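Here is a short tour of one protein model, written for someone just starting out. Keep the sequence and the 3D view open as you read.

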Amino acid sequence: MKIIVTAGGTGGHIYPALSVINKFKKEEKDLEVLYIGTHNRMEKDIVPAHGIKYEALEIYGLTKNIKRDIEDVFLIRKSYKKCLKIMKKFKPDVVIGFGGYVTFPVIKAAHKLKIKTFIHEQNSIPGKSNKVLMHYANLVGVTFEKTKKYFKNDKKVIFTGHPRCDEAKLAKEVSKESLGLNPNKKLVVVVLGSLGSTSLNDKIVEYAKNINDKDYELLYITGKRVYDRVNQKEMPSNVKVIPFYDNLIGLLKNTDVVISRAGSGSLNEIIALKIPSIIIPSPNVANNHQYYNAKDVYEKNACIMIEEKNVTKKLLQENVEKLLKDNNERNKIIKNLENFDVNNSTDIIYKAIKEII
């Protein structure tokens with residue numbers, strides 16, 4: 001069996017794609033996988049590191065700069081033609097997209113060649129690419145039931161849950177010692193998306209610099225975009241700063257509290273692993289979708305949610321300590337997280353794709 005997978009830009013698109021690839025590898029003995037991504041975003045490094053054949057497209061997201069957008073339209077057409085050539089040579093049985101602007105020419109080319117296509121929407125509100133690509137896809141998978149209403153032809157939309165839930169449960173636990181952390185102290189992990197957050201970073205640093213007298217450790221995974229700036233700061237001995245960690249789900253199995261954005265992947269990993277969390281939705285995303293990703297979880301008392309405009313070092317510290325020390329609060333959140341669990345997402349996606357093939 002041959003499959004082409006496409007997703008790009010952020011870990012929120014890339015990691016669910018890798019989860020589904022892993023499922024296909026498990027089920028298909030003679031599987032051949034080709035991943036099509038951008039030439040300059042994080043997937044160009046992450047995907048080949050997993051031993052997956054990679055083709056890069058020079059393509060950029062559209063902006064409001066007319067000159068730049070004209071150039072980008074030319075590159076989209078060029079990428080589309082390149083995808084046609086790749087697919088004629090590779091001859092995939094199916095093309096699978098997980099979001100990001102790079103998926104547009106890939107799925108469109110597959111449709112042109114009458115190759116079966118499946119796209120997956122991770123967020124509660126669909127991105128621009130998937131809204132358009134629904135017209136070219138044979139089947140659409142969604143993480144949230146409520147997302148179905150955004151797609152007009154709901155007959156080809158199925159509820160799958162998020163592929164990272166399965167991966168999170170199966171992941172091998174990462175020891176604290178492997179990261180130079182104390183196994184006898186509770187651990188708080190701060191992770192603000194694969195790229196990090198320039199807008200929230202200063203508030204996190206301010207909080208981190210003032211916990212030297214606390215009996216827990218803090219691991220701040222900054223994202224590559226802001227690591228250099230944070231790494232120059234002098235931090236207490238119980239704070240460790242790293243730019244990125246590839247096996248985050250393994251580490252989260254040994255984490256007591258996580259402070260996170262509300263990207264769908266991060267949120268579903270938290271749900272799958274039942275981790276008490278402080279969720280800070282990014283306001284700088286299309287359609288404010290992170291807020292709506294987290295809204296149901298917050299309203300059902302399965303997390304603490306703080307809007308970015310309200311974040312202070314005092315509020316962070318108070319809520320971290322409540323989740324670490326108040327057993328009633330911790331147990332309530334853990335119990336409520338069970339209401340959101342979706343099992344076998346990759347199995348649902350795999351079987352659905354096999355059916356359309």
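## A six-stranded sheet

Let's start with an open sheet of six strands, which run in the order β10-β9-β8-β11-β12-β13 with parallel pairing. At the edges you'll find β10 (239-242) and β13 (304-305), each with a single partner strand, so one side of each has no neighbour in the sheet. Some ground rules: helices (H or I, at least four residues) and strands (E, at least two) are DSSP runs numbered from the N terminus, and two strands pair if DSSP finds at least two bridges between them.

Now look at β11 and strand β12 (residues 277-279), which pair in the parallel sense over three bridges. There, Ser260 stands opposite Ile279 in β12.

## How to read the values

This is a predicted model, so local features need pLDDT of at least 70 and side-chain atom pairs count only at pLDDT 80 or more, while totals for chains, interfaces and linings use all residues. Residues are numbered from 1 along each chain as its sequence is written, and side-chain values use heavy atoms, leaving out hydrogens and water.

## A seven-stranded sheet

There's also an open sheet of seven strands, again with parallel pairing, in the order β3-β2-β1-β4-β5-β6-β7. Its edges are β3 (53-57) and β7 (157-159); each has a single partner strand, so one side of each is left without a neighbour in the sheet.

Strand β2 (residues 32-38) pairs with β3 in the parallel sense over five bridges. Pick out Ile36, and its bridge partner in β3 is Glu55.

## A space inside

How many cavities of 30 Å³ or more are there? The count comes to one, and about 30 Å³ of space lies in the largest cavity. A cavity here is a set of points on a 1 Å grid over the protein atoms alone where a 1.4 Å probe fits but cannot get out, and lining residues have an atom within 4 Å of a point. Grid points are joined across faces, edges and corners, and a volume is the space filled by probe spheres set on the points.

The lining is made of Val191, Leu248, Leu252, Val258, Ser260, Ser266, Glu269 and Ile270. Elements giving two or more residues to it are α9 (248-252), β11 (257-260) and α10 (264-273). The largest share, three residues, comes from α10.

In helix α13 (residues 327-337), Glu329, Arg330, Ile333, Asn336 and Leu337 are buried (under 20% relative accessible area; exposed is over 50%, partly exposed in between, with a 1.4 Å probe and protein chains only). Seen down the axis of α13, these buried residues fall within an arc of 140°, so they line one face of the helix (the arc is that of the directions from the helix axis to the C-beta atoms). On the other side of α13, Asn328 and Lys335 are exposed.

## Two loop residues with positive phi

Most residues other than glycine have a negative phi. Lys91, in the loop between α3 (66-90) and β4 (94-97), has a positive phi near 55°. At 58% relative accessibility, Lys91 counts as exposed.

Asn288 lies in the loop between β12 and α11, and its phi is also positive, near 50°. Asn288 counts as partly exposed, at 31% relative accessibility.

Definitions and conventions: 1 Å grid on protein atoms, 1.4 Å probe; cavity = no way out; pocket = protein on both sides within 12 Å on 5 of 7 lines; lining within 4 Å.
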